[in-house]
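User: I'd like to learn how to read a few features of this structure. Could you take me through them one at a time?

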Amino acid sequence: MALDKTGIAKRIAQELQNGWYVNLGIGIPTLVANYIPEGIEVEFQSENGILGMGPFPFEGEEDPDLINAGKQTITVRAGASFFDSATSFAMIRGQHVQLTVLGAMEVSQNGDIANWKIPGKMVKGMGGAMDLVASAENIIVAMMHSNKAGESKILKACTLPLTGVGCVRKVVTELAVLEIRDGKFHLIERAPGVSVEEIISKTEGDLVVPEFVPEMTL
Amino acid sequence: MNKVVKDPAAALEGIQDGMTLMVGGFGLCGIPENSIAQLVQMGTKNLTCISNNAGVDDFGLGLLLQAKQVKKMVSSYVGENDEFERQMLSGELEVELIPQGSLAERCRAGGAGIPAFFTPAGYGTEVAEGKEVRVFNGKPHILENALTADFAIVKAWKGDTEGNLIYKATARNFNPMMAMAGKITIAEVEELVPAGTLDPNQIHTPGIFVQRIFQGEKFEKRIEQRTVRTKQ
């Protein structure tokens with residue numbers, strides 16, 4: 001069965017390594033913070049100026065001066081720090097952040113990503129996404145394999161305006177874990193109960209399928 | 001040097017039609033609420049506003065948009081505002097979208113006397129169109145110019161009569177860089193104290209960057225996304 005959003009977040013959480021500073025985007029990526037594997041210690045960076053972001057506050061303890069990049073009320077953990085936006089992006093551009101997890105509307109087989117604009121329909125802006133994808137060494141994209149019309153979002157080439165070029169290395173969808181290498185998608189794992197055929201049929205980009213494709217363990 | 005002015009009207013004196021303003025804040029967090037209300041009252045038109053976001057329909061810079069006082073917005077993210085989207089898609093409002101880190105650095109550079117810098121952000125995208133590209137360490141970068149403004153309006157938690165500022169939590173965001181980049185910088189603070197009260201070790205924005213300071217009468221501090229957990 002295909003994963004739900006929580007499942008995608010749980011699978012991405014398995015990628016976390018001890019001592020990493022991690023930036024989580026809005027949407028599914030935010031959920032990753034709820035599934036940090038036991039024994040792993042990571043710090044979450046929020047680009048509006050926090051290192052050491054904690055969980056949502058208890059009701060009645062919200063502080064309007066303390067929000068995350070999604071403008072949600074938040075708390076901080078012991079040892080947290082606050083800083084301005086230029087310092088925040090110095091951390092990002094300077095590659096002091098080890099992992100970036102973000103959502104996408106489209107990803108292509110050479111690692112291009114589009115997630116900020118649908119011409120004539122939706123223009124919300126790129127926020128920090130262009131800075132993040134241009135500089136991060138390790139980017140995981142959390143997304144659905146197809147759009148609401150059933151069209152694949154895992155493409156030979158992106159059709160929407162790009163956020164970054166050649167930057168994505170790994171994609172986790174409700175169906176599969178894919179790696180991007182040598183201008184192709186490589187099928188690494190499939191969601192529990194999802195067939196290789198289904199993944200092939202829902203992937204428009206070139207997909208390399210090994211003889212044996214393990215199921216994810218969540 | 002006493003920088004104190006008595007109210008928002010005195011603080012914003014000199015802002016005229018067609019000027020470029022920097023306005024601090026991230027979402028509705030750390031925005032100069034009292035100054036924005038004053039701008040609406042003044043009715044100044046054809047403004048270019050440099051601000052990370054454009055507020056929501058009925059708060060923050062959304063109030064200036066509603067009153068059609070803004071000719072151009074320079075921002076990184078403008079979701080959460082229907083009136084903004086309508087004006088932009090209909091062509092009434094000119095919009096320049098800039099990657100958030102580049103926006104922050106362009107303001108910082110403007111205040112720091114650095115005319116331009118290279119960044120990898122936006123290479124290969126619409127943002128790079130018409131910009132010089134240069135390769136450093138095997139990686140392409142684009143040239144981004146510094147930004148300055150006729151007036152920068154920032155919001156701080158505490159300030160003193162010399163214009164020294166301390167921000168609270170994530171209400172800091174773009175305020176320190178914008179304070180540096182304004183030809184005239186106006187600081188609105190929650191608490192204004194006499195010089196010597198704040199610990200010099202704790203100052204975020206030194207008073208040299210601030211020309212006028214006043215204590216805001218009230219701060220609504222609206223929350224955009226109230227998220228909580230329940231006690232177990």
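User: Which residue lies over the face of W157(B)?

Analyst: A charge sits over a ring if NZ of Lys or CZ of Arg is within 6 Å of the ring centre and within 35 degrees of the ring normal. Here K158(B) lies over W157(B), at 4.5 Å from the ring centre. K155(B) is placed over the face of F219(B), at 5.1 Å from the ring centre. This is a predicted model, where local features need pLDDT of at least 70 and side-chain atom pairs pLDDT 80 or more, while totals for chains, interfaces and linings use all residues. Side-chain values use heavy atoms, without hydrogens and water.

User: How is the size of an interface given?

Analyst: Often as the accessible area lost when the parts come together. With a 1.4 Å probe and summed over both parts, chain B and chain A bury about 4200 Å², 59% of it on carbon and sulfur atoms. On the chain B side, T170(B), T227(B) and R229(B) lose the most area to chain A, together 16% of what that side buries. Counting contact as heavy atoms within 4.5 Å, 52 residues of chain B touch 49 residues of chain A.

User: How many salt bridges are there between chain B and chain A?

Analyst: A salt bridge needs a side-chain nitrogen of Lys or Arg within 4 Å of a carboxyl oxygen of Asp or Glu. The count between these chains is six. One salt bridge joins the side chains of D65(A) and K168(B), at 3.4 Å from N to O.

Key:
Residues numbered from 1 in each chain as written. Chains lettered and ligands numbered in written order. Buried area = accessible area lost by both parts, 1.4 Å probe.
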